[in-house]
Amino acid sequence: MHRDPLIVPSEITPRELYQSRRDWLKLAAAGAAFAATGDLAFAQSGKLAKLPGAKSAVAGALTMEKPTSYQDATTYNNFYEFGTDKADPAQHAQTLRPRPWTVSIEGECNKPQTLDLDALLKLSPMEERIYRLRCVEGWSMVIPWVGYSLSEVLKRAEPNSRAKFVEFTSLADPKQMPGVRSGVLDWPYVEGLRIDEAMHPLALLAFGMYGEVLPNQNGAPLRMVLPWKYGFKSAKSIVKIRFVEKQPTSSWTKAAQQEYGFYSNVNPLVDHPRWSQATERRIGEGGGGLSGLFAKRRPTLMFNGYEAQVASLYAGMDLKKNF
């Protein structure tokens, strides 16, 4: 049955409607433009270098839910280094040069080092992990990533007893990333974890998705994936990993401390100050062509469904205070 696009479910807020309409119009315009030029490689699986991974044996690493389409996962993104609209990364990220690439590992460790991309790719066997992704904005995806546990890298640097946290810094090159020329955030993008969070087996250092290397707009050539936390905690295009004694200030926490806490674990019982976190919309589901705007909202799971694996990290903590 045809649904009038002006009639929306009662649980859709005006803010969501405005944002989704704007995203959809941008995506539609981008699709038409790329179709006209024939340049659709960035949005189609099978166009990038293969990066296979063995099925992971890590507990919780392989959700049985239906994966989001490659098209949706690579054209509906938050990557403010390339713009603030969902379609911007797919449109602009072709300027990113993922090779050559190095990552420095420094700070409170016995063996600081700088590794190039080839060394990182060979450091540990690649695994495929199918994770749920929950954005703080209230939408979600299911993505098959390729990579290995971050702990494989961290252990080789031998963090010392003063290393309580791990800080991640993303590339911030205005020549490659037009969004860095804006003042939307204090660049470079910085994120952080407690060291026990970073060492957890589910904390993934990802080099690929859908059996291929990462597309630029998804954080090439390597990024973090933390499935029990809101998506912005998973730093993209990482150039530095640093062991530190004091809790680092994350970029979004610095921008709006009252809205984005350091932990940012997915918690349906703790609302964002401007919207509920009790439910989510799955991208690619539902009608209306507005990025799942008309999908039936599903309940959000505690720790995004990874409670059995990660709840012990936060035993005894007030999760409303430590949001």
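1. Two strands are said to pair if DSSP finds at least two bridges between them, and it is in this sense that the strands of this predicted model are described below.

2. Five strands make up an open sheet of mixed pairing, in the order S3-S2-S11-S6-S7. Strand S3 (113-116) and strand S7 (190-194) lie at its edges, and each has a single partner strand, so one side of each is left without a neighbour in the sheet. On average, and with direction ignored, neighbouring strands of this sheet are turned by 15° against each other.

3. Strand S4 (residues 127-134) is mostly covered, since seven of its eight residues are buried. Strand S1 (residues 54-55) runs parallel to S4 and is joined to S4 by two bridges, Ala54 standing opposite Glu127.

4. S4 also pairs with S5, here in the antiparallel sense and over eight bridges, among them one between Glu128 and Val146. The two strands form a hairpin with four residues between them, and Gly138 in the turn has a positive phi of about 100°.

5. The largest nonpolar core has 82 residues, and those with the most contacts inside it include Trp145, Phe168, Leu205 and Trp228. Strand S5 (residues 139-149) gives the most to this core, with six residues. Leaving aside residues up to four places away in sequence, Leu205 touches, among others, Val146, Tyr148, Leu222, Met224 and Ile238.

Notes. Residues are numbered from 1 along each chain as its sequence is written. This is a predicted model: local features need pLDDT of at least 70, side-chain atom pairs count only at pLDDT 80 or more; totals for chains, interfaces and linings use all residues. Side-chain values use heavy atoms; hydrogens and water are left out. A nonpolar core is a set of buried Ala, Val, Leu, Ile, Met, Phe, Trp, Tyr and Cys residues joined through side-chain atoms within 4.5 Å. Buried means under 20% relative accessible area, exposed over 50%, partly exposed in between (1.4 Å probe, protein chains only). Contact means heavy atoms within 4.5 Å. Axes are lines fitted to C-alpha atoms, for helices over the stretch in contact, and angles run from 0 to 180 degrees between N-to-C directions.
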